[in-house]
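Here are a few notes to read alongside the model.

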Amino acid sequence: METANDSTGGYFILVGFSERPELELILSLFVLMFYTVTLVGNVAIVLLSILDTGLHTPMYFFLRNLSVLDLCFTTSIVPQMLVNMWGGNKKISYAGCMVQYWVALALGSTECVLLAVMAVDRYVAVCWPLRYACIMHPRLCHLLAAASWSFGFANSFLQSSMAIVLPRCGNRRVDHFFCELLIIIKLSCVDTGPTESKMLIARLIILGMPVSIILTTYVCITRAVAKMRSAEGRKKAFGTCASHLMVVSLFYGTIMFLYLQPKDNYSQDQSKALAVLYMILAPTLNPLIYTLRNKDVKKAVRKMIQKEQV
């Protein structure tokens, strides 16, 4: 085993699913299919929310940010994953690995905060409908979006800086399909207990605070909806929140199970399966969830098709 300080150079070997070659080819085809749907769906949402003036509202502004996040997030993982699956070379450079886990953690953290911001937007829309346009002013929306991105990248910088200084002593085998921060830390040849404890606190903050905000806003929304006398009003209020709730459940359900489970219960096969769900399937479903249930998006699509025909 190498004993030199190789924490600033060299390469890693991404094991991925290579230990199950019969599964790897089939999985790669599914990943490619879902990645293609992710690109098409999220690019469509971004373009529609920009080109259609009817979608120039706070809700679609935040949805556009979510789509950009999903595009960048999957693109930081999937191309390298497919290259490793289709080729015999499983190597990734040290710099490439560091960039990958830094970007992935930054975008994942940003999405945690952005989903909380979107919950606040839904709270104002349901509980303060007459003052919604005044409260959710474009300047405030841009500030909230900027705060989401800033918190996400700050959290990634904090955790990554703790991991990058750990010596690996020649350990290069990453038992995952991408450079996952927790796996990289486990390659270290020194005691990582203090570092992992600090990172757990950071994860609890970046997950706990947004979850608390989301739960609080939906308790308030539920109370407001319960007081509505009109069944049509209750149905409309639920419809504005249903898509967001589905996305939140899919996103937080997987990452909380993945990153907050006890260390002794950490199964690598389970981790890989959840990572596929969280990083590949969720970004694919997000645009489908928001468009299939959304009359405004369907109307915008029809309008764009009519323009092309003319």
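1. A contact here means heavy atoms within 4.5 Å. With that in mind, look at threonine 110, which touches Leu69, Ser148, Trp149, Gly152 and Phe153, leaving aside residues up to four places away in sequence. Threonine 110 counts as buried because its relative accessibility is 0% (buried is under 20% relative accessible area, exposed over 50%, partly exposed in between, with a 1.4 Å probe and protein chains only).

2. Before going on, please note that this is a predicted model, where local features need pLDDT of at least 70, side-chain atom pairs count only at pLDDT 80 or more, and totals for chains, interfaces and linings use all residues. Residues are numbered from 1 along each chain as its sequence is written, and side-chain values use heavy atoms, without hydrogens or water.

3. Threonine 110 belongs to helix α4 (helices are DSSP runs of H or I, at least four residues, and strands are runs of E, at least two, numbered from the N terminus). Helix α4 covers residues 94–127 and lies across β1 and β2.

4. In which order do the three strands of the open sheet come? The order is β2-β1-β3, with mixed pairing (two strands pair if DSSP finds at least two bridges between them). β2 (91–93) and β3 (173–174) are at the edges with a single partner strand each, so one side of each has no neighbour in the sheet. β1, residues 11–14, pairs with β3 in the parallel sense over two bridges, and isoleucine 13 stands opposite arginine 173 in β3.

5. Finally, phenylalanine 30 is in helix α1. Phenylalanine 30 counts as partly exposed, because its relative accessibility is 44%.

Terms used
Axes are lines fitted to C-alpha atoms, for helices over the stretch in contact, and angles run from 0 to 180 degrees between N-to-C directions.
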